Structures are given as C-alpha cells and as structure tokens.
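Subject: Handover of a structure for your study

Dear colleague,

Please find the structure below, together with its sequence. I would be grateful if you kept it open while reading the notes that follow.

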Amino acid sequence: MNDWRELATQSRRGFLTSTAGGIGGAALASLLAGELSASEPSQHEAAGMPAGEDGRFAPRPPHFRPSATHCIFIYLYGGISQLDLFDPKPKLAELDGQPLPESLAANVRFAFVKKDTARFLASPRKFSRHGQCGMEISELLPHLAGCVDEIALVRSMHTEAFNHAPGELMTNTGTLASGHPSVGAWLSYGLGSESTDLPGYVVLILGERIKAYTWSNGFLPSVHQGVRLGSQGEPVHNLHRPAGMTPAIDRSQLDAIRDLNLLSYRHLGDPEIAARIAAYELAFRMQSAAPELIDLSAETAGTLNSYGTDRPDADAKTFATQCLLARRLVERGVRFVNLIHSNWDQHKDLDRDLARNCLVVDQPIAALLKDLKQRGLFDTTLVVVCTEFGRTPVSDNGQKPDMPNGRDHHPSAFSVWMAGGGVRGGQVIGQTDEFGWNVVEDPVHVNDFHATILHLFGLDHLKLTYRFKGRDFRLTDVGGKVVHKLLRSVS
Amino acid sequence: MNRTFVLATVAAILICLAPSWPVVAGEMGNSVAASATRGEPIDFARQVAPILTRKCHGCHGTNRQEGGLRLDFEAAARQGGDSGAAILPGNSRKSRLVRLVSGLEERLVMPPEGDGLSGSEIELLAAWIDQGAQWSEDAGGPVRAAADHWSFRPIRRPSPPAVTREGWVRNSIDAFVLARLEPAGMPPAAEADRYTLIRRLSLDLHGLPPSPADVEAFVADTHSDAYDRLADRLLASPHFGERWGRHWLDLARYADSNGYDNDEPRPSAWRYRDWVIDAFNRDLPFDRFTLEQLAGDLLPAATFEQKLATGFHRNTPTNTEGGVDREEFRVKTVVDRLNTTGTVWLGLTVGCAECHSHKYDPLSQREYYGLLTFFNSADEVVIEGPDGAKAEVLARSPTPRATRIHLRGDFLNPGDKVRPHTPAVLHSFSPFPLQSDRRQLARWLTAPENPLTARVAANRIWQHLFGRGLVATVDDFGTQGQPPTHPELLDWLASELVDRRWSQKQLIKLIVMSATYRQASTGDPDRAASDPENLLLARQNPWRVEAEVVRDLALGASGLLSPRVGGPSFYPALPEGADKDPRWQASPAGEQHRRGMYIFTQRTTPYPMLVQFDAPDSHVACTRRDRSNTPLQALTLLNDPLFFESAQALAERVWVECAGDTRARIDYAFRLCLARPPNQQESDRLATLFVEQTQLCQADSQAAQALAGDRTLQGASLAEAAAWVGLCRTLLNLDELVTRR
C-alpha cells in the first residue's frame, strides 16, 4: 500500500525512540500503539518508556463505560428472508398470488422483480412463540428458538442499498462506497487489541463471493485490517518453527528483524513498515498461542456435539467449527471475530436453499450463545447476526415466472438480531406493516445499528473519527443514532 | 465530522455568494454561463446532467433518495420530494433546487458536504429551469448523457503542456505530470539513488532480484546512458515475458484445473501460458495479440501457435459434475468469455447487462446479447501440435448458433433473436458483419476509433509501474469508475501505444525512462501529507511485491532459483496442515525451485503461500491484486519449509562465494537480498545478531545441527554455520525484501 497519510506525524514521532539495537519490546509496543490507534500516546509512552506490555497493540480506554468488550459479528451474505425466519406475516397467506396494490408499488424499485406482474408470496414456514418473552420465530430455526429470551430481534431495519455490493459495504462499513473501514477495523482503531498473542480482529469465512472490502481497514492504518484465517485445512499454517529453531534463537532473530525494520521506518516513514513490524511481533507470539487455539482436543464431547462439529454435511461441520473457534478466540482476548456465511441470496429455490442454510447455521449459533453464557462470557460479548437487506413480500417473478419460488432484494424492511454484551434480550424492536413492506414503528437504519454497536463498546459514534483527505470520517457516515431500546441499562 | 460547523461554514460562504447570483451572471467570463444569460438554449445532457450527476445523485439517485427526492430521471425529478416540487419549470427563483444550492433557504444548503456548486453551475441550472427545464430533446436522454462520459469520447493526442521546470522533463510524460504539480506548488521528488533504481527496474521488469555484480556495474557506470542500457537489457531478457506474462495471466483467469466440484487438472493449459510469455518476449503488437487470442483459429492458414492463443478463452472454469445441464454451462461459459473480454479490453462491467440493462453505463441488455453472438458459435476443441503435444483451443462451430436474449439472464427463458452488433455508445463496424465472426470483434476492439481499448491497456501498464492506474478503477472506465487523475497524459499514452504499432515493450520503456518513474518513493513528509494517495505523482509509490515475486526473491537471493522458462506446471510440496487435493503429488526435487508463476494452479485448493500473499483466485479476471500485510504472511516467511531452505542455501552461498571476514560476508548477504550495501547501523546490528546466534547455537548443539542442516560450511564451526542460517533467515524476513520502492 502506498499510504502516506500519517507520514508526517509518524516520522516526527519515530525519531523520539532510541537507536536500533537498544529499543525494547515494550517501547516498541507503545510506539506502535501510539502511532496506529485512536488516541495520542501519553508522554511517557512517546518517550519510549516501558508501558508494561510486550509488543502488543495496546488497548485504549473507550469514551465511557462499556458493556461489551468483544464482538462476534456474524454476517450472512445475500439478504436473509426475514419473512420466512423472523417477521411472520399472516396477511401474506391471505394475499398469496395476488397482485401488488398500487399504494405499495408506487415508490419502489426492485433489482429484478417486474412490478406490473408482481404477486405476493406467502411463507410456507410455521411460526410459533417461544421463551418467556413469547417471541415468534420460524420453524427453520429450532435451536435459536431456545435462546429467544437472550436475543433482541430488530424487525425494523432499513437501508438504502438494493444491490449486494453497496449493501454489503453499508452493513460492514457504514457507507455505500468502497474504501472505508469495517466495523471491526473501527473497533480495533478505537480500542486497540487486548490480545497479546492473537490478532485483535479475526475473520472466518464459509462460502463464495466474499470480497476483502468486507473486513478492510479502509483508510485506517493496515494493522486494523481483519486477519482472515483459512477455511481449508488448518486455519493457520506454518505455526511450527523449523527444526532446531528454539524460541530463544527465534527471538534473537525476531529482535534483529524488528530493529532493522525500525531503522527503515525511521528513515522512510512508511506506515506499512510499522504495520509489518507489528505483524512480525504478533506472528512470533502466535507460534505459541495459535496451535493451542486451533487444537479442539480439550473441548468436551458435549461441547463439540452441541455445536455439531461432526455433522455429516461438510459446510455444517465447517460452520460449527468456526463458531466454536469464535468462542475460543474471544476467550483468548480477540476483540472482534467476523464470521461470514454465504450465500443467502435466494431469488429462486428459496424453500430448498433457505432450509439448507438454516441447517448449517442454526445449531452452531445457538450453541455459541449457550456456551458463552455458560462460561461467563456472554455479558461482555456482543453477538450480532446481520445481513445487507431483506427479501420482498412478493415473489421474484424475474426468474421463473411460472413457478416463482424466490424473493427479491428488499431494503426498506428487514430483520437482524443482537445478544449479549449489554443488549436487553427477550424483546422485539420495531414493527413492519401487515405486508412486511415498510417499517411502521421504531425504524433502525444501518447507521443506527452501527452507532448502537459502538455505544455498547463505550464509544460515541460521533467522536470516533479519523481524518482523511481533509475530512473527519466516522463509521456512521453522516447519520446514526443509538437505539436505546436495545440496551440493557438505559443510558 | 462536526456537521453543524461545516453546515454553518458552507452556509456562510454561500450567503456571501448567493445574493450576487442573480446579478453576477453578466460578469462571468465563462462562456457557458455567458451563453446561458444570452438566452441560448441549454443542452441538458451536456451542460446540466453532469452537474446533477456530480453534485446531487449521490444522495438523490439510484441508491439513495434523501428527502424522497430523486434527480436521476425526469419523472421523479419533476415529481419532487417530501417537501414538494424541487423544480418549477420557467421559474428558477422559486425552484427549491436552485434556492437550496445557492443558500437561499434557511438552515439548509445543498449539497450538505463537499464542494458546493460554483456560481456558473448555479447559473446554468437556473437558466435551464427558466428555459422550461427540458430534460432532454429525445427519449435517448440517459444514453446521450452517458455518451459524453470521458472514456467514450474519442482519443485525441494532446500536445505536452508547457512547464516552467523544463530541466526536469526527460520525456513528454514528465511535462503532463509537472503541469499538475506546478500549480499545486509541489516539486517532484529527487531521482531515486542507483541502488533503488536497479532493484525497482529489476522487480518491475523481471520480478527477480538483480545480482550483486549487476548492481555494482550499474552503480559504477558513469555513462549518461547507463540507465537506458539497463532498461534495454532487462527488456530483452526472457524473464521480461515471464513477469509481464504473469500480469496478463491474471486477466486471463489462467489456471491448471477446471474448477467446480471435480476440479480436474488441465494437463495442457501451460501451453497457453507459455504462448503468453513468448508473445511478450517477442513484443507481439497488442492489436495482433488481441486478434490471435480472440480469433487465432479463424486466421487464414492459422498456425498451431495462433490457434494456441485462443486458449485465452479456454481458461473459463468448467463444471463436469454429473447432472449438470450442458446447455446451462455452455451458456455460462459464453457469458464468462464476453464478461472477461469486456473487463480486459473495454474496462467495462458489461456483465451487469446480462440480466437487465446496465444501471449506470449505456449498455442495454439487447446490446449485451449483440456482443454475446460473437462467442456463441465457438466450440471447444483439442488440437495436436507439430510435436504431437495437445492443446485446448477454440474453433468455429460447424453449425452456427442463433443468439437470443435470455430474459433475466435465464437461459431457459429465451427472448428475441439478436444479430451481432456492438453498443450504440461506441463506434460501429465497418463494414457491418452479417454473421458473428470473432475476427470482426477483435478488429473492432483495436480499431482506431475505439476509445477504450488503448486507454485501458495503457492504464494497466501504468498501474504495473506506479502501483496505481491513472484511472484507479482499472476494471471500470464506466460512469461509476473513477475519472483519470491525468486525463491528457492517459490519452497521450494511449496515442503513443497505437502510434508505436501497439508495442507494449516500447510503451513500458517510454514510461520507465521518464523522470516521473525515476523519482524516489519518499517525498517531503508535509507535502506527502497533503496528497496522501499521491494522486499528483510527486514521488514514486512503494508496494509489497506480488505473491510469486515474494517467493522468487527468496529463491533468487539464495541461489536456489531454477531460471528455466516455461514448461508444464509443477506441484510444490505442501506445508503441514494444508488442505490437499488427492491428486496433488509433489514434483521431483529438481522442479521445486522453479519460479512462482509455474506453480500448478488448482482452482479449488490453491497453493496456500500464494493465497496468503493475495494471488488471484483464477475464477474471473483479476485486474488489481490486493496488497495485504498480515501476521500470517510473517509466519509463512519465517517458517514455511521452502523459505527456511532458502535461508540455509543463502548461508552456504555467502560462505562459499565470499571469502572475507564476518563483516564482509554480512555485506555480501545483505547485497544478495536487498541489492545495496548495508549502512553502518545495519551492519552493526547484524554483526551483533551473528555473535548472539553463535552463542545460542554453541549452547545448544542439537539445535545448531538441525539449523545448519545438510549443508556444511567448510572451515566453519557448527555453531557458526547455524548462526549464518539465522542471519540469512533474518535478512529474508525484512520488510525491504518484499517491498518495491
């Protein structure tokens, strides 16, 4: 990356540090933390004094007292069908096959649906009430149904994007254009990393079509980009040192690598060098920490079964392992774990493909919630399940006009949910009209949703800014208000 | 951002400006505004639409409709938004649109962020509304507006501009660059030092490190043409074809297997890859290069090599799963061929028009299928070369297929039959073909009137030499792409490419000879901060080299690299824990040290090291690689067996080839890796490391034995041998090793 925006401040500060060979890990830590995260380093840090931590990208205090310290952000790419999973509309059963009334058709655009022949499509799914709160959930999510008292379901989400790329960008980076940092990158920038031995922001993907901009650092320094673990074979390769490379011999070389890179950094001021120094320090520690992370042999059979890590379907098995890894990552201090599953874009074959997707994700996500709870991690770990938009109450007649079994993109009303991390569970927020077409109560824009996530982490979305090209940018672009109903303690 | 503050500021500026709006018109020098006030008819498409696109459509367009208002098509714009009509034809004074952009409304000004409209723009809008707000003369309004988009206009060769600092100008490129730097008060960076220059040029033209001897010879060469000769020597080497061929293979979505579930190997795919390398080495002119790849089989008395070139479109992934609908996949293949052609030659996302007319660019669904006809009658065949070897290529189908529009992109839903034609926004055929013929399409792409192909090709070459295209969106020259930072320079380069008979080598030479290219990649920090993306080119750009180059640098420095050009792809040994295709059998030891570009590309289980460093996934054309910087990359360079083997080999090489003391050997190892001598601090730090490593290895002879491996350094103790390995591993992990500056 040829990114020089921080060059001026960095080269200035770089010269404050001691000469090569003499710089210790702690001084380096504070140097990098100061250079690369949201706040200015304190005086003693800037002077290269020990900060008490070794080489990590030090945590920073939030703006106010947080309820969440970690996030598992599950993004289901393609547009979840809220009408078949989260937002029951008996009216659609009545109207099944009937044309779209003029009143609804007037001001909408579709990606694919042909308006003049559009017909309502009932959901074949049965909804029933669950838990003490009595939340209505689809039969396709039997495991999640057991957790409804923990989750806050938002039925009133809306967005501007009706195509995938802008929608994906909006949900993950808060704007429709590419080049902006993701939610995880903003949290990494705002709060630093608590994890000494693992990246602060880890990405696990199952499925295709996922673009790197989903976990991009955007214009933030590249230490804030998500580190994507492999979805094929072992999640991390090359963790084992070559034969004979003892930790002491390795460390002596790593010290030299760091010092020589630091000399270049001081000479050139290129922030990519600082990012590489941080990457090597982290890599060194991952050699000890990551084998233990990915070794599931210490998990009990009960835990493995609850996630379903040995289910016959290969995707189901992978996603279960990824959910379990998410918990293990959070346990080890990783701030932000991004699970991405694709593909939920059912323009056709909705019945078949939605059932299959639910089969893959339902059990492991529910197991994750219970597991976090059991281990005392639930209250500080925010679990988010989201998507880029919903799907239309009318069938997508663009695909198979005679036998439509799919829904088109629907940005004006869709559903997401959150749990843990200070979220008040057992409640439904917002309401849509009888067709599920428009939001009629408590609309929540994607920017509001992001503002709320930051709030749970003790960050004011208006204050968490980064100056780029002469403007202060934020995750919530020019919008966003905290949805206080979502919070356990009203503030 | 402090929105209130900005709003207040913008409002204040506009309030100062606004009252003068009705009267200022007459004073305007701008001819457009002058014509507006003289009552000359305003041309909506040319004069008004661009303003709306630039300033309004972001919030009042396809994706967002703030306040319920859309300004991207007539009916919606006339209807207005939540607060009523925005445009009152014949009355600009009362039109909310004009009042908002000129700051005459209380508490609200448009646009709320970014630069507001200039006086002359407001003037134009007002005049247009006063003249009745005619959206367009004809129904083809949007196409007309888009036809005026910069990349659809003809390429006209601009004259290099006059500049003050003439002494800096080495060729015309520099004049175009200076012409933007000078008004910005930004001087260009100094020329990079000779060490940096030779390493940069070697990486850009070969993707390999220069040898220490070549570096010294170049640094010591005092002739004024030393750099010129260096460039010529590098361009004449067969490694040039490997380096630039690999760039092309990214576009060609080249792979050695079919993809999809079965992902069978394509044992002869490499023949096309070698054709590409050879084509770059013999500098096959780009128009010819185009013709042979798209239609080599149709040339009169086509040679085996010309047919082989059509392997370009045999790189499409293929599904051989049972139960696959053959026609469905044949259609997918044809669609892939057209979409790839659109991206690679036209820089357009034509694929959007497969299912519906393009939302942003002037390409209708009918036009898409008009283009599709050219690929619809191509069959896949296997031919045999003079040496008996087989190759997968295209051939004209004995029975031409009729092409029909697929409604919503569904092949089971055929619509009207279409004839071969090209998009109306671009030039037409002459003569018009009666039947689809791939040769016609290739000639149309490289016709002198084609405004896109030469620009797209020149821009891509620029990207490989500056890390970023003059048009940053190298794959999108449409209305949603970014405009060029230096439009005239781009047109000049495109004209040069054509004028030099489409010689890519000559264009590359021209660019690397410029003072712009030769600048240091570090500039004045304050100035750099004012142009963080280096859009003005007041310096070169540094970047982490591509995946294959990372590997080639380690192998090259250590002396392990096998310089063999071409031949069947090989299977490297896989690291522990990597997902393994059952057919993957590591090739014999003699193959293991070939260049990264010869690694077998198994589409569904690509070689992990390449994936780690952002190699393309080879399913669709990749026009721009990511350049991530992750701890997993560090783990690869530290621990991957191949990289450790390189450290061991480098240690042995240094020991054998340099007879001096420890400092001399450190110096030599450093030069092998980084193509420059270490400075005093660096040399001292490495000497300290060597002592430390020797002590640690003395204390642990078992470790030392394993580290030193089979390679014995004659005359060195075991601990010293191991310490040299450690020192070399350190060098091979430096940021500078993998960075092109």
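Two residues are said to be in contact if their C-beta atoms, placed from the backbone, lie within 7 Å. Please also bear in mind that this is a predicted model.

Apart from neighbours within four places in sequence, B:T318 is in contact with B:N258, B:G259 and B:Y260. B:T318 belongs to the loop that joins α16 (304–309) and α17 (326–346) of chain B. Is B:T318 buried or exposed? A residue counts as buried if 20 or more other C-beta atoms lie within 10 Å of its own; B:T318 has 23 such atoms and is therefore buried. The C-alpha atom of B:T318 is 9.0 Å from that of B:R330, a residue 12 places away along the chain.

B:A708 is part of helix α31 (residues 701–708) of chain B. B:A708 has 26 C-beta neighbours inside 10 Å, so B:A708 is buried. Once neighbours within four places in sequence are set aside, the contacts of B:A708 are with B:L718, B:A721, B:A722 and B:V725. Between B:A708 and B:A719 there are 11 positions in sequence, and their C-alpha atoms are 8.2 Å apart.

The chains as a whole

Chain B contains 32 helices and 6 strands. The C-alpha trace of chain B extends over about 95 × 65 × 50 Å along its principal axes. For a chain of 741 residues, a compact globule would have a radius of gyration near 27 Å; the value for chain B is 30 Å, which agrees. Of these 741 residues, 50% are buried. Among the contacts in chain B with a separation of 6 or more, 65% join residues 24 or more positions apart.

Chain A has 15 helices and 17 strands. Of its 491 residues, 60% are buried. In chain A, residues 24 or more positions apart provide 76% of the contacts with a separation of 6 or more.

Helix pairs in chain B

How do helix α4 (residues 44–55) and helix α7 (residues 119–130) of chain B pack? Their axes are 10 Å apart and form an angle of about 120 degrees. The two helices, α4(B) and α7(B), are therefore oblique to each other, and their crossing is left-handed. On the side of α4(B), the contact is made by B:F44, B:Q47, B:V48 and B:I51, and on the side of α7(B) by B:E121, B:L124, B:L125 and B:W128. These residues comprise 6 nonpolar, 1 polar and 1 charged.

Another pair is formed by helix α15 (residues 286–295) and helix α19 (residues 438–445) of chain B, whose axes come within 9 Å and cross at roughly 155 degrees. An angle over 145 degrees counts as roughly antiparallel, and α15(B) is therefore roughly antiparallel to α19(B). The crossing of α15(B) with α19(B) is right-handed. From α15(B), B:T290, B:L291, B:L294 and B:A295 meet B:R438, B:R439, B:L441, B:A442, B:R443 and B:L445 of α19(B). In this contact there are 6 nonpolar, 1 polar and 3 charged residues.

Where the two chains meet

Chain A contributes 64 residues to the contact between the chains, and chain B contributes 63. On the side of chain A that touches chain B, α1 (7–14), α10 (247–268), α11 (271–294) and β17 (471–473) each supply at least two residues. Which of the elements of chain A gives the largest share? That share, 12 residues, comes from α10(A). By type, the side of chain A that touches chain B has 32 nonpolar, 20 polar and 12 charged residues.

Finally, helix α27 (residues 631–639) of chain B is mostly covered, with 9 of its 9 residues buried. Among the elements that cover the buried residues of α27(B) are β6 (227–228) and α11 of chain A, as well as α26 (608–612) and α28 (641–657) of chain B.

With kind regards

Definitions and conventions. Residues are numbered from 1 along each chain as its sequence is written. Chains are lettered from A and ligands numbered from 1 in the order in which they are written. This is a predicted model: local features need pLDDT of at least 70, side-chain atom pairs count only at pLDDT 80 or more; totals for chains, interfaces and linings use all residues. Helices (H or I, at least four residues) and strands (E, at least two) are DSSP runs, numbered from the N terminus. Ala, Val, Leu, Ile, Met, Phe, Trp, Tyr, Cys and Pro count as nonpolar, Asp, Glu, Lys and Arg as charged, and the others, Gly among them, as polar. Axes are lines fitted to C-alpha atoms, for helices over the stretch in contact, and angles run from 0 to 180 degrees between N-to-C directions. Angles under 35 degrees count as roughly parallel, over 145 as roughly antiparallel, 65 to 115 as roughly perpendicular and the rest as oblique. A crossing is left-handed if the near helix is turned anticlockwise from the far one by less than a right angle, and right-handed if clockwise. The radius of gyration is taken over C-alpha atoms; the globule rule is 2.2 Å times the number of residues to the power 0.38. A residue is buried if 20 or more other C-beta atoms lie within 10 Å of its own, exposed if 12 or fewer, and partly exposed in between; C-beta atoms are placed from the backbone.
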